[in-house]
Structures are given as C-alpha cells and as structure tokens.
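Colleague: I would like to learn how to read a model like this one. Could we go through it feature by feature?

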Amino acid sequence: MKLGQIIRKFLPVIGIGLFIYLLIKLDITKIFKEIENVNLFYLSIALALVAFFFVTQTIKWFVIARKQKITIPFKDAFRINLISSFYGFITPSKIGSVVRVDYLRNYKGDTGKGLSNFVIDKVLDLTSVFVLAITFAFIFYEKIIPITSLYVIIGIFLLIIFLSLFFYKKKVSKPFLRFIYKMIIPKRMKEKSKALLGSFYDDMPSLGFLFPVFILNLFNWVVDYSAMYFMSLALGINIGFIPFLAVLPISTLVTQIPITINGYGIRELTMISLFGFFGVEAVKVFSMSILNIILTNVIPSIVAILFLFRRERK
C-alpha cells in the first residue's frame with residue numbers, strides 16, 4: 001500500500017480517536033450528567049432554530065438552481081438538502097454533500113450545472129464564515145487569536161476571493177482550463193470533461209444576483225450559531241452571544257481541513273481551547289458539542305435515511 005493511500009485511510013481515524021480521547025479524558029460520566037440535566041426549554045428553542053437553519057440552507061442554493069433554470073420544487077430541494085447533509089455528516093470536510101449534483105440531474109440540470117450550483121454554494125458558504133471569523137476575531141484577537149494568525153486567515157480569505165473571481169468568468173479562466181484539459185486530463189476522460197466544463201458555465205448567475213444570496217448565507221450561519229448558543233444556555237453556559245460569533249466561525253474553518261470525518265475531534269479541541277479564554281469549562285464545551293451533533297447531524301440524518309429508504313422502495 002502506498003503512503004498516500006495509507007494517509008487517506010487512517011487520517012479520518014485520527015479525529016475519531018481524538019474525540020474518544022477527549023471523551024474519556026474529560027470523564028464520560030460528567031459529560032452525560034451535564035446532558036442529563038439540560039434545560040429542555042432552551043433545548044427546544046435550539047431544535048427549532050436547527051429546523052429553521054435547514055430551511056434557510058435549502059433556500060440559498062435553491063434560488064441559485066432556479067436561476068440556472070434547474071426546475072426543482074422546493075420540497076424536493078429540502079429533501080435533497082437533508083440527504084446531502086447526511087452524506088456530509090459521515091465524510092471528511094462534508095465532501096459527501098456533493099451527492100446533490102447527482103440528484104439535480106433529475107430536474108433538467110445536467111452534471112455541469114449541478115456541479116456549478118454546488119461549487120457556488122460552497123464558495124459562498126466558506127466566504128461567509130471567513131467574514132464572520134475575521135470580523136469578530138478583530139474584536140477579540142488579543143484574547144483568542146494572535147494577530148499573526150488573524151493575518152493568515154485574512155490572506156487565505158483574499159486568496160479564495162481571487163480564485164473564485166478568476167474561475168467565475170469563463171473567458172478569463174479559459175487559457176488555464178485549456179492547459180489543464182490538454183496537459184493533465186487523461187485522453188479517455190477528455191470528451192466527458194469538455195462537456196462538463198461547457199455546461200458548468202451555462203446560465204451562471206451574475207455577481208449582482210449572488211450578493212443577496214451571500215447575505216442570506218451570513219444570516220444562515222448566524223442562525224446555526226444561534227442554535228449552538230441556546231444549547232449552551234441549556235447547559236448553563238452564560239457568556240453572551242457575541243463570543244459565540246468569535247469562536248464558532250474559527251472552529252468551522254478548522255473543520256474544513258479534510259483530515260477527520262466531519263471535523264470530529266479537531267472541532268472539539270478547537271472549541272475547548274477558544275471557549276477556555278471565556279472561562280467555560282471543557283466538560284461543558286464537549287457536552288455542547290455532543291448536543292450539537294445530535295440536533296444538527298443525527299436527527300436530520302435519521303430523517304434523510306427515511307427519505308432514502310422511501311426512494312429505494314419507489
């Protein structure tokens with residue numbers, strides 16, 4: 001087995017191992033006691049916000065799909081969103097959510113359009129998180145993040161913006177794509193790749209159209225982090241909402257590193273470190289993370305699995 005294959009095979013295990021290590025290190029009985037004594041009122045608000053989050057999450061790529069002339073009903077888009085979130089839940093960096101591309105082909109949207117829909121959505125997602133991370137890290141940078149690390153985050157953000165704008169216009173990126181097509185893509189894949197790249201840019205939404213979608217993305221992440229905030233209140237964590245907007249975007253960015261399944265272990269370690277600056281106990285942070293996994297991943301995944309079984313029967 002080659003080194004690259006070994007790394008790809010065992011890297012996800014590292015995150016799970018780290019998650020289990022933290023669970024044991026922090027005392028599993030204390031963690032379950034925290035969850036057992038959770039405030040159900042605040043938890044119910046968090047659950048309602050999670051449900052609302054999935055609605056707004058669907059809306060943001062649904063409006064892009066309709067602009068691309070992909071004629072998908074919203075209820076089908078919502079179902080597909082839950083299914084793709086389920087696949088993202090069990091894969092590194094949520095890469096499994098790309099399964100949405102395959103589903104969109106059934107609604108007059110070929111693979112190229114489906115792929116561009118997915119890429120646009122993920123770029124908007126990532127840039128939204130960067131904006132939140134940079135904005136609130138500036139407020140708390142002396143407390144939670146060194147200024148040099150903040151400059152690195154800004155540098156990565158600017159690079160993503162540059163690359164996104166470069167590939168957004170087909171005319172601008174055409175020479176580079178032609179080079180990739182001729183020199184790198186294998187001969188047996190050239191025909192399919194040519195068709196894919198051609199349809200990728202069909203009915204591409206304008207930047208003016210995408211700006212409100214970007215604002216919706218920001219709102220969507222605030223809803224997501226609000227749900228986490230009410231989970232913290234359910235556990236008796238009272239540090240205010242603003243610190244969550246400083247910590248959670250950074251932990252979200254860390255989980256994008258494709259070395260663990262859905263960022264498990266790495267996310268918890270990051271959150272424990274950053275919330276520690278605000279005086280929050282590690283046990284409570286880990287308990288909050290488990291609640292978040294149950295409400296935003298496990299419960300929606302159960303619904304998604306039911307949808308998948310229903311599809312198989314049909």
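Colleague: Among contacts between residues at least 6 apart in sequence, what share join residues at least 24 apart?

Modeller: This is a predicted model. In it, 75% of the contacts between residues at least 6 apart join residues at least 24 apart.

Colleague: How many helices and strands are there?

Modeller: The protein has 13 helices and 0 strands. Read along the sequence, the pattern is α-α-α-α-α-α-α-α-α-α-α-α-α.

Colleague: What part of the protein is buried?

Modeller: Buried means under 20% relative accessible area. Of the 314 residues, 48% are buried. The protein exposes about 16500 Å², and carbon and sulfur atoms supply 70% of that area.

Colleague: Which residues have the most contacts inside the largest nonpolar core?

Modeller: That core has 88 residues, and those with the most contacts inside it include Ile-31, Phe-275 and Phe-286. Helix H10, residues 207-234, gives the most to this core, with 13 residues. Leaving out residues up to four places away in sequence, Phe-286 touches Phe-19, Leu-22, Leu-23, Leu-26, Ile-31, Glu-268 and Ile-272.

Colleague: Is Ser-251 buried or exposed?

Modeller: Ser-251 has a relative accessible area of 3%, so it counts as buried, the cut-off being under 20%. Ser-251 sits in helix H11, residues 242-255.

Colleague: What lies 2.8 Å from a polar atom of the Ser-251 side chain?

Modeller: The backbone oxygen of Leu-248 does. Not counting residues up to four places away in sequence, Ser-251 also touches Thr-270 and Met-271.

How values were computed
Residues numbered from 1 in each chain as written. Predicted model: local features only at pLDDT ≥ 70, side-chain atom pairs only at ≥ 80, totals over all residues. Heavy atoms only, no water. Helix = DSSP H or I, 4+ residues; strand = E, 2+ residues; numbered from the N terminus. Buried < 20%, exposed > 50% of the residue type's maximum accessible area, 1.4 Å probe, protein only. Polar contact = N/O pair within 3.5 Å; in protein donor to acceptor, adjacent residues only side chain to side chain. Contact = heavy atoms within 4.5 Å. Core = buried A, V, L, I, M, F, W, Y, C linked by side-chain atoms within 4.5 Å. Areas by Shrake-Rupley, 256 points an atom, 1.4 Å probe, with all protein chains shown as cover.
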